[in-house]
Every structure is written in structure tokens, then in C-alpha cells.
Amino acid sequence: MPQGHGRPDANPSDSGGFGVPPGPACDDRALAVRLATALARGDLRLHFQPVVDLPSGRTRGYEALCRWRDCVLGDVPPDRFIRVAEQAGLINDLGRHVLHEACRAAAAWPAIHGVTPTIAVNVSPVQLTDPDFVQDAAAALRDTGLAPSRLYLEITESAAIDDFDETAKRLTEVRALGVGVALDDFGVGHSPLSLLRWLPLDVLKLDRSFVAHVHDQARDSVVARLVVDTAHSLGLHVCAEGVENLSQAQQVLAMGCDYAQGFLFGRAAHVDHGTAPPEARAAGLDPNEPAPVRIWGDVDEIVLITRPDSTITYASPGTLPLLGYSPSQLIGTRASEYLHPDDGDPAEAMADPRFHKRPAGRVHRIRRRTGGFIWVRTRSQVVRDASGRAQEIVSMSRDVTHAVEVERRLATTEARFRWAFDQAPVAMTFSGFDGVVQRANRAMADLLGTTPEQLVGTRIADITHPDDREQDDVNARRLATGADTVQYVVKRYLDRQGRTVPVQVWARALDDENGTPALVVAHVVAQDQAG
């Protein structure tokens, strides 16, 4: 969130309530003048919200949140004055002020439990375009004496998508200072999980929209868990935002989040210079307590990766519900074949080495398999090699047709699940209690020398060693009746050539909305990989 100011719907008690309504009660130009005056007078104040380590719940650092109480207008909502600052050309001055003051405050804080707390400062997308941004960060560290390792700069998904290359370059320079980089509010936009591979990051902050119902809605729990696992596989730490109750905290802990932040641990507080902010409240987390939700779900999104000649090399599962084409039907074809002839190709010019404009979203039409077109907003980014030659073009499209808005949002959820499921390094299957495989990932297919498509519809018994089938039936009945909810099994599969594949299997029964066991999810590890 830009400058760490919180959301419009944040609990107003953190800053005494917001006096200015969301609408333009005060003209933006007049507000900009008052903001410039407040900035010059030093009237903006920083509040600090604790970030805790999991599972200990101990304070590891704070996020700096800027607040403005005008003598006439009262408390001005952060989303209002940040937008005005960006439009009025004040955001760089505001950002420098927040960064310097946050570093100055943190430099004076004592150690907590033997560790000096970190400080996180949010960065506006506009700041990242400033050529002096890295020098400003270095100056703040130099002037305040704060150790670079204690500073984290947080960027948003939108800042990353707007220009992959420029953002990655700027963040690499920041990290060269010894400063950490966090991707804030992940999940608010429509970024693919592959974004995490392309940016130099240290921490991923899981947006509160994921966390809000992670403890009582299976789909949210599934998506969050898959994002956490993906981030960890890339060497990133994960922080859960917006944790407000113990059930949420237990859920994100069980999912493997490294850090957490939210009202459960403490609200943002203003302190005088030289005084450390309050430590996080003890939440009573129990790492041995089972997660409130233990089930899997699904997500969707439209992402295409194409070569410069428009040949599709990757298509997300979201193409099926929105366009009527499965990924396998699109891969190898040309993206230009599906565009309305009057709209042109939004990514075509980007492959030209002379193209250096910022990738803007473009609204155009895409042909559906069943006929007709839907309107989408597409943003594309070219990935170039060291010589500047285009290698791939990543295009992210979302439906802006009002009539299918709800359907599009649900589809976004499915794409994220499928991408993470298919790319998971651990072999996985979903099967019914009839013993038929409903879904298998690539790792499972590789283990048995086949393809995921060929495994779907296969009976578990047909790929199980004959001597193990009777025990498999017993295990399935125990899961179906609820006698077991989790099982650990050592068994043997048969690969495509009929060879024995010794494995360890962790199986769990998944309940439907009525609480009745409906599916079995299995995580499979070959004996020679299990150590």
C-alpha cells in the first residue's frame, strides 16, 4: 500500500478517525496546497505497526504508516492524500520524508529479545520511476546511521507489472545497498505467481483479502497455502497481513507463513522520537494446534506467454472458462488469430528493440471458441536477453465485460491454484472415493512415466502393485467413514512400463460443504527421494 498508509476501510481508531469523507469534500488542488504546507511544516506523523515472527509471536520489526491530521479538515484518509500527492508531483518529497523519518526513528530503537527490529517503508510506484530513488534510499541510511539490513522497502504488484525490467533493475540496485525488498498486498491484482521469479525480492506479503477468510473458507485457504509454498520454493519469506483473530493466526502459521501483521498483534501507534513503539501483544499461538481449515480448492486467471512471432508457448487454465479453449489447444498457435481484426495486437510492437515505452493496459476484444468476442484489458511486458533482443512477451488479460465480472473474478482464483498445483515439485493427486483419479500434477506423471492427462480417469488400483491393493481398499474405507482424516502409507505404484515404484504417501480426506468426506488428496514421495 503506497507509503504504508493503510486502506480506506482500515479501522479508523488507529488514527482517531478520518475527518475527510471519501468524496472530494475538499478540492484536490486545495488539498495539494495544504499537503505541501503540512509537509514543509513537518505536520505528517508516522505510526508504527508491529510485525511478528512465527511461531514465536515476538516482534521482529515494524511497518511505518504515515498519517496526516489537518487543523481544518481533521484526519485526511491516506488513500486520498497519497493520490493527491502523486497527481500534484509531491509524492517524491513525501516519500523521501517518510523514508528518512522512518530510518531516523528505527535507528534509535533498542534491541527486542536480543534482536534490533526492522523497519518497513512502502514505496509508491511513482517513486520507483524517479532516477534518484536509489540515491535517496542510500542518503537516508547514511544520514540516520541505520544499518541497511534493518530496512525493507515494500512495493505493490501494480508497480512491478507496469515495467518488469525497470522495476527489477531499480530493485536490484536497492538490494545492492543491503536493503530488503518486499512485494506488498500480493493477491490484490491479477499478477501470475511467475512474477515472483522475475523480481529481486526477499519477502512476499500476503494481502489481507486472502487472510480474512483463510480460517473459515476452504478456497481462500487453498490459494494462500499454494502462494506460500511457491514463495518458499523461490527462497522468499512470507508475511500474512491483516491477521485480526487467533483462528487466522493459527491458520497462517499452519500454512507456513514466516511473519504476521495485524490487529491481533497490535495496532499502529505513534511514539516520540527516541522511544520504541510498543511490542507486539502475545497471541498465544500454538504450533502444535491443527489448522482450522484443512482442505484444498481452486483458482483462475488468463496469462499468455508468446514468442516475438506471436506463437503461444504458455497459456493459463483461465483460457478455458473465458475463451472456451484449453491451454493445450492454444499452445503452438498464434495469439493474433484470436484478436478482433479492428483492434490489432497489443503486444506486437513490444518485440521491436526500439520499443521502450511503459507497458500500458489496452482494452481490446478476444474471440471466444463458441463465437462472439469478450472485452479484456491486456498489459504486456517483453522479456529481453542481454543484447536487447526480445525473447518472450508476457501478456496478462482480464475481462472487463460487466456481465461476466463475477465469473472472471472466480476464474482468477482457479488459475492460481492450477498453476501452483501443476508446478508443485511434490507429486500430488486428487481422487474420489470410487478410486478414480480426478487430477494429477506433472510431478506425479513424471514419477510414473506418463502425463497428467493420461492419469485423469485412471483407477488408483490400476497403478498400484497387486499386493498393495487390498490394504489400499481398507485405507480408503477408513477415510470415507471418517475413521481416519490423515494417513501415512508406504506402498508401491506401477509405472507405465509396469515397473515397481516404492513410495511414501500422505493422504487426507477432504470434506464437502456439508462436512461429508468427498475427495482424497495425496502427496507422494518416491522412497529414494524421501531420504
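1. **Basis.** This is a predicted model: local features need pLDDT of at least 70, side-chain atom pairs count only at pLDDT 80 or more, and totals for chains, interfaces and linings use all residues. Residues are numbered from 1 along each chain as its sequence is written, and side-chain values use heavy atoms, with hydrogens and water left out.

2. **Confidence.** pLDDT is the predictor's confidence in each residue, from 0 to 100. The protein chain averages 82. A score of at least 70 is reached by 83% of the residues. Two stretches need caution. Over residues 1–25, pLDDT stays under 50. The model has 73 contacts (heavy atoms within 4.5 Å) for that stretch beyond four places in sequence. Residues 295–300 also stay under 50, with 41 contacts beyond four places in sequence.

3. **Overall make-up.** The protein chain has 17 helices and 20 strands. These are DSSP runs numbered from the N terminus: helices are H or I with at least four residues, strands are E with at least two. Of the 531 residues, 52% are buried. Buried means under 20% relative accessible area, exposed over 50%, and partly exposed in between (1.4 Å probe, protein chains only). Among contacts with a separation of 6 or more, 61% join residues 24 or more positions apart.

4. **Helix H2.** This helix spans residues 78–88. Its buried residues are Pro78, Arg80, Phe81, Ile82, Val84 and Ala85. Their cover includes helix H1 (28–41), strand E2 and helix H3 (91–107). An α-helix has 3.6 residues a turn, so residues three or four places apart point the same way. After H2 comes Gly89, with a positive phi near 75°.

5. **Lys491.** This residue sits in strand E18 (residues 486–494). Is Lys491 buried or exposed? Lys491 is buried, at 6% relative accessible area. Its side chain makes polar contacts with the side chains of Thr464 (2.9 Å) and Asp472 (2.6 Å). A polar contact is a pair of N or O atoms within 3.5 Å; within protein, one must be able to donate a hydrogen and the other to accept it, and residues adjacent in sequence count only if both atoms are side-chain atoms. Beyond four places in sequence, Lys491 touches Ile460, Thr464, Asp468, Asp472, Val501, Pro502, Val503 and Val505.

6. **Asp495.** Asp495 lies in the loop between E18 and strand E19 (500–511). Asp495 counts as buried, with 12% relative accessibility. Which backbone nitrogens does the side chain of Asp495 reach? They are those of Gln497 at 2.9 Å and Arg499 at 2.8 Å.

7. The whole structure holds 6 cavities of 30 Å³ or more. On a 1 Å grid over the protein atoms alone, a cavity is a set of points where a 1.4 Å probe fits but cannot get out; lining residues have an atom within 4 Å of a point. Points are joined across faces, edges and corners, and a volume is the space filled by probe spheres set on them. The second largest cavity has a volume of about 120 Å³. Its lining has 14 residues, with Val51, Arg60, Ala120, Tyr152 and Glu154 nearest the centre. Strands E2 (59–67), E5 (118–122), E6 (151–156) and E8 (203–206) each supply at least two lining residues.

Key
On a 1 Å grid over the protein atoms alone, a cavity is a set of points where a 1.4 Å probe fits but cannot get out, and a pocket is an open set with protein on both sides within 12 Å along at least five of seven lines; lining residues have an atom within 4 Å of a point.
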